[in-house]
Structure formats: structure tokens, C-alpha cells
Amino acid sequence: MKESLINHSLLYIEDDESNICLVEAMLRRRPQIKLHVAMNGRDGVRAAIDVQPGLILLDNRLPDATGREILQELASASATAAVPVVIFSGDSDEAIDELLASGAAESVAKPFNIRQFIGILDRYLA
């Protein structure tokens, strides 16, 4: 039986389809990473608990929740409390500082730099 090449899971909680398509395109060169997508906070928390990814990318502004609310839910669930969360946001530095204080591992400004994105994958999914 052929062994699967996928050995990392990445969950992207994002409601903007163009951002999702961009991440999907970048991951085509990384077949060892399985991308899971949720387009709202509630589905994102459920997917995080079910999948238990190695990394979560989280948009700060979702249709049903803020990044801070999702961070709190992820931190309170034993299945996801230790999963690093990287915030993707176009918000001010002050808002980002609040998210980092709420438990985010780091933040990335939108639109994001491809090298920065690849560096995050390498740091957390190596």
C-alpha cells in the first residue's frame, strides 16, 4: 500500500474566497500539507476540533465572530488549546496587539507577502 504524502493539516478560517484561492494555489507546491477551510467562525471551531490541525490561519473579521472570540473558543477546547493560531488581518496594530495578547501565535497583515506565508508554514509545520 502506498503511504500518503500528507503529513500536516492546516485549517484556514476565512470568508473571502479570493484569499482562500490564493492559499490553495500556494499550497499546490506543498502536497504534504492538507488544507481544510471554514468560511465562518462556528464552522472553524468545529473543524479545528475534528481535524486537530498543526496550524490554524484565522481571519480577524468573520461573518459570525471576531478573531478574539474564535481564539477564546479554541483556547477553551482541550483538542485545540495547544494549536498555534496565526491571525491574518488588515486591522490596526492596536487590534493586532489585542489578538496577540489573547493567545494568537503571531499575525500577518493583509495583503500578505508570499515569503512571509511560506516562512509561517515552515515554522509551524516543519
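Me: In this predicted model, buried means under 20% relative accessible area. Why is Ala48 called buried?
Reply: The relative accessible area of Ala48 is 0%. The cut-off is under 20%, so Ala48 counts as buried. Ala48 sits in helix α2, residues 41–51.

Me: What does Ala48 touch, leaving out residues up to four places away in sequence?
Reply: A contact needs heavy atoms within 4.5 Å. By that test, Ala48 touches Leu11, Pro53, Ile56, Leu74 and Thr80. With Leu11, the separation is 37 residues in sequence and 6.9 Å in space, from C-alpha to C-alpha.

Me: How confident is the predictor in the protein chain?
Reply: The average pLDDT is 90, and 95% of the residues score at least 70. Residues 1–5 have a pLDDT below 50, and this stretch makes two contacts in the model beyond near neighbours in sequence.

Me: Let's turn to the rings. What makes the pair of Phe88 and Phe117 edge-to-face?
Reply: Two numbers settle it. The ring centres are 6.3 Å apart, and the limit for a pair is within 6.5 Å. The planes stand at 85°, and an angle over 60 degrees counts as edge-to-face, so that is what the pair of Phe88 and Phe117 is called. Phe88 belongs to strand β4 (residues 85–89) and Phe117 to helix α5 (residues 114–125), so the pair ties together parts that are 29 residues apart in sequence.

Me: And why is the pair of Phe112 and Phe117 called tilted?
Reply: Here the distance is 5.5 Å centre to centre, with 35° between the planes. Stacked planes are under 30 degrees apart and edge-to-face planes over 60, and the rest are tilted; 35° therefore makes this pair tilted. Phe112 and Phe117 are both buried, and Phe88 is buried as well. The structure holds four aromatic pairs, and one aromatic cluster is made up of Tyr12, Phe88, Phe112 and Phe117.

Me: How do you know that the buried residues of α1 line one face of the helix?
Reply: Those residues are Asn19, Ile20, Val23, Met26 and Leu27, in a helix that spans residues 17–27. Viewed down the axis of α1, they fall within an arc of 125°, so they line one face. As background, an α-helix has 3.6 residues a turn, so residues three or four places apart point the same way. The cover over the buried residues of α1 includes β1 (8–13), β2 (33–38) and α5.

Me: What makes β2 and β5 edge strands?
Reply: The open sheet has five strands in the order β2-β1-β3-β4-β5, paired in parallel. β2 and β5 (106–109) each pair on one side only, and that makes them the edge strands. From one strand to the next, the twist averages 20°.

Me: How do you know that β4 and β5 pair?
Reply: Pairing takes at least two bridges between the strands, and β4 and β5 have four, in the parallel sense. In β5, Ser107 is the bridge partner of Ile87, and Val108 is that of Phe88. Glu106 and Val108 make up the covered face of β5, while Ser107 and Ala109 make up its uncovered one.

Me: Now for the loops. Why does Arg30 count as buried, and why does Gln52 count as partly exposed?
Reply: Arg30 has 18% relative accessibility, under the 20% cut-off, so it counts as buried. Arg30 is in the loop between α1 and β2 and touches Ile118, Leu121 and Asp122, not counting residues up to four places away in sequence. Gln52, in the loop between α2 and β3, has 48%. Exposed would need over 50%, so Gln52 is partly exposed. The phi of Gln52 is near 50°, a positive value in a residue other than glycine.

Me: What is the omega of the cis peptide bond between Lys110 and Pro111?
Reply: Omega is about -10°. Pro111 is in the loop between β5 and α5.

Notes. Residues numbered from 1 in each chain as written. Predicted model: local features only at pLDDT ≥ 70, side-chain atom pairs only at ≥ 80, totals over all residues. Heavy atoms only, no water. pLDDT = per-residue confidence, 0-100. Helix = DSSP H or I, 4+ residues; strand = E, 2+ residues; numbered from the N terminus. Buried < 20%, exposed > 50% of the residue type's maximum accessible area, 1.4 Å probe, protein only. Phe/Tyr/Trp six-rings, centres within 6.5 Å; stacked < 30°, edge-to-face > 60°. Arc of directions from axis to C-beta. Axes fitted to C-alpha atoms, helices over the stretch in contact; angles between N-to-C directions.
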